[in-house]
Structure formats: C-alpha cells, structure tokens
Amino acid sequence: MRPNILLFGDSITQESFRSGCWGASLADAYSRKGLTKPPVATTIFFGANDAALAGGTSERQHVPVEEYKENLRKIVRHLKECSPTMLIVLITPPPIDEEGRMEYARETYGEKAMILPERTNETTGVYAKGCVELARELGVRSINLWSKMQETDGWQKKYLRDGLHLTAEGNAVVFEEVVKVFKEAWLDASEMPYDFPHHSEIDGKNPEKAFQQKCL
C-alpha cells in the first residue's frame, strides 16, 4: 500500500497542484513509492486568510490570532487521535508584499480597488510566530515560510505573484522546505522502495522473477 500524504490548507495549497507547483512536485517525488507499513504525513498550511485585517476589505476572512491557533490545535489533536505516528507539519503563512497586493487590486478592480491594505506583512508575521510557537507546544514540526522567504533579496516579486499567492520560485521554496522536513523525520523518498520493479530489473525471458522478489 502506498503512503498517503495529506495537504491541508487554503487557496495556496489548492493552487499547489498546478503544473510545477509544490503539491504536484511532492506527488512526483513520492510517486511509485511504497512501504510495508505506509507512513502518513499531513501538512497544515493556514494563516494567509486568517491574517486579513479586521475592518479591511477582506474582513470576512479574518480570524483572531488566538482563535487561529486554537483551530490549528484542534486539527493537530484530531490527526494525532486518528494516527499517533502521523508526521504533522505546520506551515506558516508566507510574507505579504503590501505594495504588490495593492498593485494587483488596482489592475483587477480599477477604480473599485481598495484604498487601504487588506493585509500587512507585520500582522501576518504575528500569525506566523503563533504557528511556530504552537508547533513547539504540540511537539510537531513546522516550517517558518514567513521568515524563510524574507531571507532572499527581492522576495516580494520573486516569490509572490500578486503580493500573496506563490510564483513558480515561491512554490519551489515550499517544496524544498517540506521535503527537507520529511527527510529529517522518516519520510525520505530516495530511501523508499518502488511499488514495482524498475524495467531494468525485469528479465524479458523470466519477468515473473522480478515481481516475485519484490513481493518477498
């Protein structure tokens, strides 16, 4: 049976299955891999919407930071109850390019565009900090995407296509960070056996032998 990896999140996770994005890359990295007892991992990637400013144009998405943390806590506890051995990884929201977000709004909505920012990088950082602190409290792994992306000069345009959602380079950062955490735990794709033998291992005169050995 193949190991199942669950990606749980908002539109950033939804978009991750587009060609070349981090979810699709993760599926490719772990394709055709199996174990006798399949490991199960879950990434939990929320906060970008929760951190929308109260009173702003995206207020309906706003969730107070303590409620955001409590929601994450409930998700983690539920997953642990389902499988105590599950690898759980909390991912912070990415940073916000406030100027890029305003620019996107003007290009999309014209005169109806927001005048004040709907999100700020500073506020999103508070949610990122809360996510990391909660992961430490619950004994699960975390990826501080908010901090990691800002280590690169020009991160605003390099990693974010509209001030919030990820570019191809931004997706690559998430993929690299997730794979790194998986490897540090016990879910290294390179060390996992294939479900079926590679064609180079199959003897054309006796193909059954390779499959028999794989099933042993």
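The model is predicted, and local features require pLDDT of at least 70, side-chain atom pairs count only at pLDDT 80 or more, and totals for chains, interfaces and linings use all residues. Residues are numbered from 1 along each chain as its sequence is written, and side-chain values use heavy atoms, with hydrogens and water left out.

The protein chain contains 9 helices and 4 strands, where helices (H or I, at least four residues) and strands (E, at least two) are DSSP runs numbered from the N terminus. Along the sequence these elements follow the pattern β-α-α-β-α-β-α-α-β-α-α-α-α. Of its 216 residues, 46% count as buried; buried denotes under 20% relative accessible area, exposed over 50%, and partly exposed the range in between (1.4 Å probe, protein chains only). The chain exposes about 12200 Å², of which carbon and sulfur atoms supply 51%; accessible areas derive from the Shrake-Rupley method with a 1.4 Å probe, and for residues only the protein chains shown count as cover. Among contacts (heavy atoms within 4.5 Å) between residues at least 6 apart in sequence, 74% join residues at least 24 apart.

Two packed helices are described by the angle between their axes and the distance between the axes. Axes are lines fitted to C-alpha atoms, for helices over the stretch in contact, and angles run from 0 to 180 degrees between N-to-C directions. The axes of helix 2 (residues 22-29) and helix 8 (residues 168-184) come within 8 Å and cross at roughly 40°. The two helices are therefore oblique to each other, given that angles under 35 degrees count as roughly parallel, over 145 as roughly antiparallel, 65 to 115 as roughly perpendicular and the rest as oblique. Trp22, Ser25, Leu26 and Ala29 of helix 2 contact Asn171, Val174, Phe175, Val178, Val179 and Phe182 of helix 8. These residues comprise 8 nonpolar, 2 polar and no charged; Ala, Val, Leu, Ile, Met, Phe, Trp, Tyr, Cys and Pro count as nonpolar, Asp, Glu, Lys and Arg as charged, and the others, Gly among them, as polar.

Helix 3 (residues 65-82) packs against helix 5 (residues 121-138) at an angle of about 35°, with the axes 10 Å apart. Residues of helix 3 in this contact include Tyr68, Leu72 and Val76, and those of helix 5 include Tyr127, Gly130 and Leu134. By class, the contact has 9 nonpolar, 1 polar and 5 charged residues.

Tyr104 lies in helix 4 (residues 98-109) and is partly exposed, with a relative accessible area of 32%. The C-alpha atoms of Tyr104 and Arg161 are separated by 8.8 Å, although the residues are 57 apart along the chain.
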